[in-house]
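Q: I am new to this structure and would like to learn how its features are read. Could we take them one at a time?

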Amino acid sequence: MSLITFGVVALDCPDPRALADFYAGALGWQVTEEDDDWVEVAGPDGRVLAFQRVADYRPPQWPGQDVPQQLHLDFDVARADIDAAEEKVVALGAKLVQHDDGKRDWRVYLDPAGHPFCLCLR
């Protein structure tokens, strides 16, 4: 067993509960830990995403680099389900910023706090 194991990915944001609700809704996960400045959501397989409050939060500017994205999340979706997955994340508050146009295997979105993420065809 490794001395170091993976723990959690934490995203900066202005409202941790709102962003946790977005990802919990998109992934079908549950909020498992919460205080005013930190909220975690966990999936059935033990994966965890966390959201931390940051004063004066500035969202990444994708695709520009004036405020770099620094990281993004990729979520796998079956090819047949991509349109339904898009409908779901948009209804939860995501914004489509790059469609696949039949030329790529992913679509790029911004979550409600402005972080880029992709729905990737598997």
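A: Gladly; please keep in mind that this is a predicted model. A place to begin is proline 44, which lies in the loop between strand S3 (38-42) and strand S4 (48-53).

Q: Is proline 44 buried or exposed?

A: The general idea is a cut-off on relative accessible area, with exposed meaning over 50%. Proline 44 has a relative accessible area of 83%, and therefore counts as exposed. As for its place in space, proline 44 and glutamine 30 are 14 residues apart in sequence, while their C-alpha atoms are 8.9 Å apart.

Q: What is the bridge partner of valine 9 in S4?

A: That partner is leucine 49. Strand S1 (residues 9-13) and S4 run parallel, joined by five bridges.

Q: Where is arginine 107, and is it buried or exposed?

A: Arginine 107 is in strand S7 (residues 106-110). Buried means under 20% relative accessible area, and arginine 107, at 6%, is therefore buried. Its side chain makes a polar contact of 2.8 Å with the side chain of glutamate 86. Leaving aside neighbours within four places in sequence, arginine 107 is in contact with several residues, among them Ile82, Asp83, Leu96 and Phe117.

Terms used
Residues numbered from 1 in each chain as written. Predicted model: local features only at pLDDT ≥ 70, side-chain atom pairs only at ≥ 80, totals over all residues. Heavy atoms only, no water. Helix = DSSP H or I, 4+ residues; strand = E, 2+ residues; numbered from the N terminus. Buried < 20%, exposed > 50% of the residue type's maximum accessible area, 1.4 Å probe, protein only. Pairing = 2+ DSSP bridges. Polar contact = N/O pair within 3.5 Å; in protein donor to acceptor, adjacent residues only side chain to side chain. Contact = heavy atoms within 4.5 Å.
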